[in-house]
Amino acid sequence: MGFSISWFGLRGYGIKEAAALFGREVGDTSEDFDAPVNAYRSEKNWAIVILGYCSYPNPPDSYLSAFSQGREMVIVHIEEHTMFARAELWSAGKNIWRVWHSGDKHVRDLHTTGDLPASFESLRQQAFSKQDNESDVDYAFDIPLDLAAELTGFRHDEGVPDRVFFELVEKPAQQ
């Protein structure tokens with residue numbers, strides 16, 4: 001069984017601020033992100049909001065453009081069952097870059113748009129070199145995830161000692 005999640009990284013935001021952006025409030029803590037909506041604060045000063053499902057192809061670009069006004073954010077979609085991974089950076093209402101991989105199409109399937117991070121080419125070369133030596137592992141899947149992790153300091157499948165997640169719960173209805 002693999003992960004099927006989406007997550008949003010918000011640079012410079014705290015957990016409470018990020019929760020409020022999503023119309024939620026902070027609930028209990030956990031060592032894992034097993035609630036429907038969770039949050040984590042990375043050591044690189046990013047609030048990470050994790051959805052317990054893969055929301056791709058949503059939210060649409062029009063939403064991301066509006067939501068990224070005045071902030072920098074990373075959006076990641078992961079569907080390990082089909083080896084799909086997508087990461088994108090938005091800032092001030094504009095998409096800066098996107099990288100995605102659909103391993104169910106081909107292990108070398110890789111698409112990009114925008115002004116890619118400087119590390120992209122090195123990550124691509126490393127993944128494809130490994131792929132040449134091991135055909136039964138999908139190394140290109142990691143490229144979008146590694147790019148997002150470089151920025152935010154968060155990767156869904158890497159455990160970190162003492163990492164604390166917060167459940168984000170729906171706000172009670174106003175009376």
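Start by selecting strand β1 (residues 4–11) and strand β4 (residues 46–51). They pair in the antiparallel sense over six bridges. Strands here are DSSP runs of type E with at least two residues, numbered from the N terminus. Two strands pair if DSSP finds at least two bridges between them. Now pick Phe8: its bridge partner in β4 is Val49.

This is a predicted model, in which local features need pLDDT of at least 70, side-chain atom pairs count only at pLDDT 80 or more, and totals for chains, interfaces and linings use all residues. Residues are numbered from 1 along each chain as its sequence is written, and side-chain values use heavy atoms, with hydrogens and water left out.

**Stay on β4**

Five bridges join β3 to β4, and the two run antiparallel. Val37 stands opposite Leu51 of β4. The two strands form a hairpin with four residues between them. Click Asn45 in that turn: its phi is positive, about 70°.

Next, show the side chains of β4. In a regular strand, side chains alternate between the two faces of the sheet. Trp46, Ile48 and Ile50 point one way, while Ala47, Val49 and Leu51 point the other. How many of the six residues of β4 are buried? Six of the six are, so the strand is largely enclosed by the rest of the structure. Buried means under 20% relative accessible area, exposed over 50%, and partly exposed in between (1.4 Å probe, protein chains only).

**Move to the charges**

Select Asp61, Arg86, Glu88 and Arg98. A network of salt bridges links these four. A salt bridge is a side-chain nitrogen of Lys or Arg within 4 Å of a carboxyl oxygen of Asp or Glu. By this rule there are nine.

Zoom in on Glu88. Its closest N and O atoms with Arg86 are 2.9 Å apart, and with Arg98 they are also 2.9 Å apart. Glu88 lies in strand β6 (residues 84–91) and Arg98 in strand β7 (residues 94–102), so this pair ties together parts that are ten residues apart in sequence. Arg86 and Glu88 are buried, and so is Arg98.

Now go to Arg155 and Asp157. Their salt bridge spans 2.6 Å, N to O. Arg155 counts as buried because its relative accessibility is 9%. Asp157 is partly exposed, at 37%.

**Last stop**

Is Asp34 buried or exposed? Asp34 is exposed, with a relative accessible area of 61%.
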